[in-house]
Amino acid sequence: MIKFVKKQFSKAPIKIKAKTIGTVLEISEKVPYNVQYLCHKLWNRCLLTKEVKEDDVDAVLDNIIIEQAANYITVWDGLALHQRLLLKAIIKSPEQPLFSKNFIFKNELGIPESIQKSISLLKKRILWM
């Protein structure tokens with residue numbers, strides 16, 4: 001992917017370092033759509049300067065978050081309370097096993113079946129997004 005991204009930017013020509021492409025790939029989790037979307041935004045931002053810098057990646061990411069805020073809010077508002085609680089708990093303690101007594105008690109998540117149901121519904125939601 002690094003070679004491909006570098007080649008595409010060179011057509012403009014816009015300089016982009018391998019390290020910066022690595023940052024783009026890390027942020028986008030190497031998902032082709034995400035890589036393409038982020039690179040498209042970077043391309044537009046750097047077309048005049050002819051160079052992509054690390055700061056540009058941060059600025060473009062901030063802009064994407066702002067642009068997509070309404071969508072994120074809509075998704076969050078569409079979640080059931082238990083799904084929100086579960087997601088918050090995972091963010092607070094990502095290393096904890098989801099079905100451990102400690103994780104469930106600490107985050108007031110009820111019974112393991114509730115967690116299983118929330119996970120199932122969240123997975124379905126992701127598939128339809």
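Trainee: Is glutamate 108 buried or exposed?

Mentor: Buried means under 20% relative accessible area, exposed over 50%, and partly exposed in between (1.4 Å probe, protein chains only). At 68% relative accessibility, glutamate 108 is exposed. This is a predicted model, in which local features need pLDDT of at least 70, side-chain atom pairs count only at pLDDT 80 or more, and totals for chains, interfaces and linings use all residues. Residues are numbered from 1 along each chain as its sequence is written, and side-chain values use heavy atoms, without hydrogens and water.

Trainee: Where is glutamate 108 placed, and what is its phi?

Mentor: Glutamate 108 sits in the loop between helix 6 (101–106) and helix 7 (112–127); helices (H or I, at least four residues) and strands (E, at least two) are DSSP runs, numbered from the N terminus. Its phi is positive, about 50°, although glutamate 108 is not a glycine. Lysine 50, not a glycine either, has a positive phi of about 65°. Lysine 50 belongs to the loop between helix 3 and strand 2 (51–52) and is partly exposed at 34%.

Trainee: Which peptide bond is cis?

Mentor: The one joining alanine 12 and proline 13, with omega about -15°. Proline 13 is found in the loop between helix 1 and strand 1 (15–16).

Trainee: How many aromatic pairs does the structure hold?

Mentor: A pair of aromatic rings is described by the distance of the centres and the angle of the planes. There are two pairs (rings of Phe, Tyr and Trp, its six-membered ring, with centres within 6.5 Å; planes under 30 degrees apart are stacked, over 60 edge-to-face, the rest tilted). Phenylalanine 9 and tryptophan 43 have ring centres 5.8 Å apart and planes at 45°, so this pair is tilted. Phenylalanine 9 is in helix 1 (residues 2–10) and tryptophan 43 in helix 3 (residues 32–46), so the pair ties together parts 34 residues apart in sequence. Tyrosine 33 and tyrosine 37 form a stacked pair, 6.1 Å centre to centre with 10° between the planes. Being four residues apart in helix 3, these two tyrosines are separated by about one helical turn.

Trainee: Which residues of helix 2 meet helix 4?

Mentor: Contact means heavy atoms within 4.5 Å. Lys19, Thr20, Thr23, Val24 and Ile27 in helix 2 meet Glu54, Val57 and Leu61 in helix 4. These contact residues comprise four nonpolar, two polar and two charged (Ala, Val, Leu, Ile, Met, Phe, Trp, Tyr, Cys and Pro count as nonpolar, Asp, Glu, Lys and Arg as charged, and the others, Gly among them, as polar).
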